[in-house]
Amino acid sequence: MSYPIPSKMWQRVSIVILFLLIPSVGIAILRQSATVAVPANQTPASSTPKTSILPNHPDYQALQALVKQYSCVVPVQNFGTLPVTRTEFATVLNACVNRSNELIATDAKIVTPADMKILQRLQSEFAPELATLKSPIEELEARSPITPNQPTRERIQTESTRKTQAVPTAPLLSIPSGSSVQDQVANRANMPKLQSGSIGRVAPEPQTDSRFNTENYNRIEDNPFHRVGNDPLSTFSIDVDTASYSNVRRFITQGELPPKDAVRIEELINYFTYNYPQPKGERPFSVTTEVAAAPWNPQHKLVQVGLQGKRLESKTLPPSNLVFLIDVSGSMDDPNKLPLVQQSLKLLVNQLRPEDRVSLVVYAGNAGLVLPATPGSQKSTILAAIDRLKAGGSTAGGQGIELAYKIAKESFLKSGTNRVILATDGDFNVGVSSDGDLTRLIEQKREQGIFLTVLGFGTGNYKDGKMEQLADKGNGNYAYIDTLLEAKKVLVNDLRGTLFTIAKDVKIQVEFNPAKVQAYRLIGYENRLLQNQDFNDDKKDAGDIGAGHSVTALYEIIPTGTKSDVKLPEIDPLRYQHSGETASDAAGNELMQVKLRYKSPQDSTSQLITQAIQDDDLRTDQIPSTNLRFAAAVATFGMVLRDSEYKGDASYDLVMKLATQGKGEDQEGYRGEFIRLVEQSRGLITRK
């Protein structure tokens, strides 16, 4: 006699048989059930990183829409295509909150009330994961999640570092010694990358494999100490480039310390403006000097030489003939490259006057003219041409520069500014010219009055050394743009200095008095050193100063008679010359003499400025200026990052002390940002 088996029992038996016969299917089903997302209106009792949020989850889709709407930086690979942990989700959320604060600072209405509510709701639901991103110091601050008004960069960046530091997500916060960040994210590195057209701006995870990271930096050897008795002259070209600072900042905010050769101390120092007096009379710049004890070695002295360029009113500036030369090769097909270039150039276009002219040249497999010379009043035409740019192809950089200079010459303004503005990652890999031919072309055009400004973008294959060289040869400045805020600084706030040169071929030569100085070294400027005879050679190229630019140089000196712990070069006594200790003190109480040579932008003959620095005794109550203390803080930071053999007692604590004391008014918030950057660097060292 048989009995019918209920249908429910058949279902159970079938499932058991399926598990036994096909184990992989059963495991897959179990895994799928373990990755169900937490409903949007519920907060899980335990916030575990293993709980994944699927791309079809409402919270995921809401955040994905915000990323696309506001171009948020996405520090998690494959966000938008694969499930993410709650911690990774919180990291992307933080990036969008940070981006919203940046946008609100420029226009309070740019982020819609509906999107504000979504951000606040997500912040509430993911509060435990957001808290894990905060450092102990940041947790001491308690501010609202999204502040409606953030007028300065300092406030914007405070929110940035306090809430959404562009650092690795929670699993990467503690990296064992000897292992790389790449090792910690191997599971994500093997996943497919976002395809062209994916949303957001992906902040790349640090790479250590040379096949994936081909960034290039020229080697820098710290300037050594020179004995005054044998080498009393120091000669160098000034430098107003700032690329190294923003590039170093990019490394640190991505959670790793920069390569030491990426740290050019003079560019770190000159990223900041200093409170030097405006020049008087017909001189294009003023000269300010100051002497104090060297903070990292109190037995030594620190000498500051500061130049301040004359500020010019916009209405008095000559018209500009600008040729944008844009790299649209395949290597620029990343969100932090060509899209950021387009956003950056739009900021500059908005500053143009009707008398200005703009042309647009692109280069990839071939070079082409996208926009002929167009008046600055036709902003919609210029902006439309920028919007049409697309990346693809190989890079023929040489062809592009040749065409850009040709267009600049055709629209040349005899009484105006003529400049090519190159925006690229520096990956010139199919150029028709060698590097030597390229620099010779730039030098030739420089003599014809067409200067070159270089704007660097991107990561992974960034060619810093090549771009610095091009800007140097082109009588222009070199900046690295890692964010839209940096683009605003370079192309809006510092526009006059970026475009309008007030003095070219500026050289400095210092002669030290052997009766007062035993040895000296120039801090930074390693690739700007000149031969002593170059100072009086007007054919020798040197750096340029733009309207309103300030330039700072620091010397560390060892006073005569001081027993220093620094090992000085051993040189046999000179037979026919007096040594520094026995030379007659013909200069009285002078410590050193500073000489400067410069040319007016249209002249070929230099003019000379001479200024002596007295050896005033340092009193115990003498307080260095905020200019000197902050410049010393930045120099100290550079020496720590480079692990310089001359860093003495330099440390992050010393940098923080000096920077805090020298912060001053800091209206734009750049110095406050520097302090937070130092704190973040110290945190990276601690975690290692």
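This is a predicted model: local features need pLDDT of at least 70, side-chain atom pairs count only at pLDDT 80 or more; totals for chains, interfaces and linings use all residues.
Residues are numbered from 1 along each chain as its sequence is written, and side-chain values use heavy atoms, without hydrogens and water. Local features need pLDDT of at least 70 and side-chain atom pairs count only at pLDDT 80 or more, whereas totals for chains, interfaces and linings use all residues.

Across the whole structure, 20 aromatic pairs were found. Rings of Phe, Tyr and Trp (its six-membered ring) were paired if their centres lie within 6.5 Å, with planes under 30 degrees apart counted as stacked, over 60 as edge-to-face and the rest as tilted. Tyr60 and Phe79 form a stacked pair, because their ring centres are 4.8 Å apart and their planes lie at 5°. Tyr60 belongs to helix H3 (residues 58–70) and Phe79 to the loop between strand E2 (73–74) and strand E3 (84–85), so the pair ties together parts that are 19 residues apart in sequence. Helices (H or I, at least four residues) and strands (E, at least two) are DSSP runs, numbered from the N terminus.

Phe89 is buried at 0% relative accessibility, and Phe126 is buried at 2%.

One aromatic cluster consists of Tyr245, Tyr271, Phe272, Phe630, Phe637, Tyr652, Tyr670 and Phe674. Lys489 lies over the face of Tyr271, 4.2 Å from the ring centre. The charged end of Lys489 also sits over the ring of Tyr670, at 5.4 Å from its centre. The criterion for a charge over a ring is NZ of Lys or CZ of Arg within 6 Å of the ring centre and within 35 degrees of the ring normal.

The second largest pocket is lined by 38 residues, and Thr273, Tyr274, Arg311, Asp494 and Glu668 lie nearest its centre. On a 1 Å grid over the protein atoms alone, a pocket is an open set of points where a 1.4 Å probe fits, with protein on both sides within 12 Å along at least five of seven lines; lining residues have an atom within 4 Å of a point. Helix H18 gives the most to this lining, with four residues.

Technical notes
Buried means under 20% relative accessible area, exposed over 50%, partly exposed in between (1.4 Å probe, protein chains only).
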